[in-house]
Amino acid sequence: MNLLDGITIVNLSVNLPGPAAARRLAELGAAVIKVEPPTGDPMVLYHADWHRNLGTGSTIVTLDLKAAEGRAQMMALLADADLLITSSRPAAMERLGLDWTTLHEKLPRLCQVAVVGYPSPRENEAGHDLTYQATLGLLNPPHMPRSLLADMAGAEKTVSAALALLLARERGHGGGYAEVALSDAAAAMAEPLRFGTTAPGAIFGGGIPEYNVYRTMDGWVAVAALEPHFKTRLEEALAVRTRDEYQAAFLTKSSADWQQWGQERDVPIVAARM
């Protein structure tokens, strides 16, 4: 559905959260112009294929914003835009003359979502997905995280903020500004742990056998028979009650066989990808 048909977005952000948000807004019908520096988006170095995927639906423009000509071209793009997405620190944007106060004075209908590391007054402090997760207890050293939770959650929060600003403008409130702090996005993802729900031994932390992971003949399965009807169906079929009984039962088949077994009996069991 092209819900954002007629909306033009200028995406000045690089790396992951801003481009992921821009891709989602493009999927909703917005016209997205991505402005990259002459050196390109660092995401190309991290993963070129992912960078190309993130650019789906965007028109790529290269501008040198440190040069007067580049800044003039940027202002021309913004004059016809509805929304600006940035990921540079606010202090850096101010040095370029592209801070919110300056932009809002010149372009009162323009909205902006600024992706930052931490909420004000720490918006100019450095950080990355890894440090946000570490602060919140989401790491299990020495293992690295298997997903970039703060960045991906930050992308979704950016989309929500963008839609809210555009709706507010259509309701007569003019162009607005919102900051999306990736540390806050990570904190939202850590809420189950903060409330103790996923702590070791808690209900979602391995404390009950019907919601757990088990070794099989050739790997692991995730068992999520949380609701009573799933649990009853599973335990009656396998004649199990305790975690040790569950484990002994699951060692008798392969992971794929258990996934098929669960599908046939409408019990949520899947093979774990490693």
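This is a predicted model: local features need pLDDT of at least 70, side-chain atom pairs count only at pLDDT 80 or more; totals for chains, interfaces and linings use all residues.
Lys34, Glu36 and Asp41 are linked in a network of salt bridges.

The protein chain has 13 helices and nine strands. Its radius of gyration is 24 Å, well over the 19 Å that the globule rule gives for 274 residues, so the chain is more spread out than a compact globule. Taken along the principal axes, the C-alpha atoms fill a box of roughly 75 × 40 × 35 Å. Of the 274 residues, 41% count as buried.

Arginine 169 is buried, because its relative accessibility is 5%, whereas glutamate 170 counts as exposed at 56%.

A salt bridge also joins the side chains of glutamate 210 and lysine 231, at 3.7 Å from N to O. Glutamate 210 lies in the loop between α10 (191-194) and β7 (211-215), while lysine 231 belongs to helix α11 (residues 228-238); the pair therefore ties together parts that are 21 residues apart in sequence. Glutamate 210 is buried, with a relative accessible area of 8%, and lysine 231 is partly exposed, with 28%.

Helix α11 also contributes arginine 233, whose side chain meets that of aspartate 266 in a salt bridge of 3.5 Å, N to O. Aspartate 266 is found in the loop between α13 and β9 (269-271), so this pair ties together parts that are 33 residues apart in sequence. Arginine 233 is partly exposed, its relative accessible area being 31%.

In one of them, the rings of phenylalanine 204 and tyrosine 211 have their centres 4.8 Å apart and their planes at 45°, so the pair is tilted. Phenylalanine 204 is partly exposed at 34% relative accessibility, and tyrosine 211 is likewise partly exposed, at 30%.

Tryptophan 258 and tryptophan 261 form an edge-to-face pair, with 5.4 Å from centre to centre and 75° between the planes. These two residues are three residues apart in helix α13 (residues 255-265), and are therefore separated by about one helical turn. Tryptophan 258 is buried, with a relative accessible area of 1%; tryptophan 261 is buried as well, with 9%. Both tryptophans belong to one aromatic cluster, formed by Tyr214, Tyr246, Phe250, Trp258 and Trp261.

Charged side chains also lie over aromatic rings. The charged end of lysine 253 sits over the ring of tryptophan 258, 5.7 Å from its centre. Elsewhere, arginine 122 lies over the face of tyrosine 118, at 4.0 Å from the ring centre.

Trp50, Leu148 and Met152 make a nonpolar surface patch of about 220 Å². Of these residues, leucine 148 is found in the loop between α7 (129-135) and α8 (149-173). Leucine 148 counts as partly exposed, because its relative accessibility is 33%.

How values were computed. Residues are numbered from 1 along each chain as its sequence is written. Side-chain values use heavy atoms; hydrogens and water are left out. Patches are made of residues with over 30% relative accessible area and no salt bridge: like charges are joined within 9 Å, nonpolar side chains (Val, Leu, Ile, Met, Phe, Trp, Tyr) within 5 Å. Accessible areas come from the Shrake-Rupley method with a 1.4 Å probe; for residues, only the protein chains shown count as cover. A salt bridge is a side-chain nitrogen of Lys or Arg within 4 Å of a carboxyl oxygen of Asp or Glu. Helices (H or I, at least four residues) and strands (E, at least two) are DSSP runs, numbered from the N terminus. Buried means under 20% relative accessible area, exposed over 50%, partly exposed in between (1.4 Å probe, protein chains only). Rings of Phe, Tyr and Trp (its six-membered ring) pair if their centres lie within 6.5 Å; planes under 30 degrees apart count as stacked, over 60 as edge-to-face and the rest as tilted. A charge sits over a ring if NZ of Lys or CZ of Arg is within 6 Å of the ring centre and within 35 degrees of the ring normal. The radius of gyration is taken over C-alpha atoms; the globule rule is 2.2 Å times the number of residues to the power 0.38.
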